[in-house]
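I opened this notebook to keep track of what I looked up in the structure, one topic per entry.

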Amino acid sequence: MSKAMPLPSIHDFTAEAADPAHYAALDGDWSLAVADVVASTRLAAEGRHRDVNFVAAAVVAVLSEAVREPEQPAACQFGGDGAIAAVPPGRRAAAEQALAALAHWAATEMDVPLRVGLVPVRALLDEGLEVLVALQDFGNGDAFGPVPRARGHGGGRLGEGRSALAAGAATRPADRARGRVLPLETR
């Protein structure tokens with residue numbers, strides 16, 4: 001198992017977030033964990049926006065513990081109806097278990113369908129994408145992230161946040177019958 005590299009931090013979002021020099025490129029040993037509430041707009045229209053936010057917040061709480069490395073803030077970011085986390089080498093199994101448990105809990109206890117998966121960074125690299133990550137540092141030891149960006153090797157930025165993952169992968173629902181997370185399909 002290779003040791004996870006420390007992630008760089010952005011201290012002034014306005015001045016630094018657009019500059020790739022403030023990011024680290026993840027290598028193929030990393031993964032990205034993704035979770036998204038299915039039909040969140042419909043659920044919110046039905047008056048269930050609190051359920052959607054509660055499930056998404058639970059994803060952040062559980063994934064943060066699953067991917068945490070000693071001496072490193074967890075790289076997990078809330079997205080309103082889901083979350084994304086950078087999974088260091090050696091933490092993939094813990095992230096997979098956490099995602100499967102979250103999907104099962106959300107469906108059975110909250111009646112909120114949660115789509116979850118793991119994108120191996122290797123699959124994105126193989127598609128010609130570079131995955132750049134940084135943490136947003138708020139001082140006093142408070143940081144959140146990742147602030148992910150993916151771009152083609154030609155330097156053209158493909159997107160930020162979870163939308164960057166769509167450039168190289170499509171999510172699949174958790175296999176609830178077996179309680180495991182299926183790998184994400186890449187294009």
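**Entry 1: two loop residues with positive phi**

I began with Ala39, which lies in the loop between β3 (31-37) and α2 (40-45). The model I am reading is predicted, and I keep that in mind for every value below. I looked up the backbone of Ala39 and found its phi near 60°, a positive value in a residue other than glycine. I noted this since most residues other than glycine have a negative phi. At a relative accessible area of 32%, Ala39 is partly exposed.

I then turned to Asp111, which also has a positive phi, of about 55°, although it is not a glycine. Asp111 sits in the loop between α4 and β6 (114-120), and with 56% relative accessibility it counts as exposed.

**Entry 2: the chain as a whole**

I looked up the overall make-up next and wrote down six helices and 13 strands for the chain. Of its 187 residues, 45% are buried.

**Entry 3: α3 against α4**

How are α3 and α4 placed relative to each other? I found that helix α3 (residues 49-67) and helix α4 (residues 92-109) pack at an angle of about 160°, with 9 Å between their axes. Because an angle over 145 degrees counts as roughly antiparallel, I recorded α3 as roughly antiparallel to α4. The crossing in which α3 passes α4 is right-handed.

I listed the residues that make this contact: α3 contributes Phe54, Val55, Ala58, Val59, Val62, Leu63, Ala66 and Val67, while α4 contributes Ala94, Ala95, Ala98, Leu99, Leu102, Trp105 and Ala106. Sorting them by class gave me 15 nonpolar residues, with no polar and no charged ones, in the contact of α3 with α4.

**Entry 4: salt bridges**

The side chains of Arg68 and Glu65 form another salt bridge, at 3.3 Å, N to O. Here I noted Arg68 as partly exposed, with 35% relative accessibility, and Glu65 as exposed, with 52%.

For Arg122 and Asp126, the closest N and O atoms of the salt bridge are 3.7 Å apart. The two residues are four apart in helix α5 (residues 121-126), so about one helical turn separates them. Arg122 counts as partly exposed at 43% relative accessibility, and Asp126 counts as exposed at 56%.

**Entry 5: Val121 in α5**

I stayed with α5 and looked up Val121, which is found in that helix. Val121 counts as buried, with a relative accessibility of 0%. Which residues is Val121 in contact with, leaving aside its neighbours within four places in sequence? I wrote down Leu26, Asp27, Gly28, Trp30, Ser31, Leu32 and Val131. I also checked Val87, which is 34 residues away from Val121 along the chain, and found their C-alpha atoms separated by 9.5 Å.

Definitions and conventions
Residues are numbered from 1 along each chain as its sequence is written. This is a predicted model: local features need pLDDT of at least 70, side-chain atom pairs count only at pLDDT 80 or more; totals for chains, interfaces and linings use all residues. Side-chain values use heavy atoms; hydrogens and water are left out. Axes are lines fitted to C-alpha atoms, for helices over the stretch in contact, and angles run from 0 to 180 degrees between N-to-C directions. Angles under 35 degrees count as roughly parallel, over 145 as roughly antiparallel, 65 to 115 as roughly perpendicular and the rest as oblique. A crossing is left-handed if the near helix is turned anticlockwise from the far one by less than a right angle, and right-handed if clockwise. Contact means heavy atoms within 4.5 Å. Ala, Val, Leu, Ile, Met, Phe, Trp, Tyr, Cys and Pro count as nonpolar, Asp, Glu, Lys and Arg as charged, and the others, Gly among them, as polar. A salt bridge is a side-chain nitrogen of Lys or Arg within 4 Å of a carboxyl oxygen of Asp or Glu. Buried means under 20% relative accessible area, exposed over 50%, partly exposed in between (1.4 Å probe, protein chains only).
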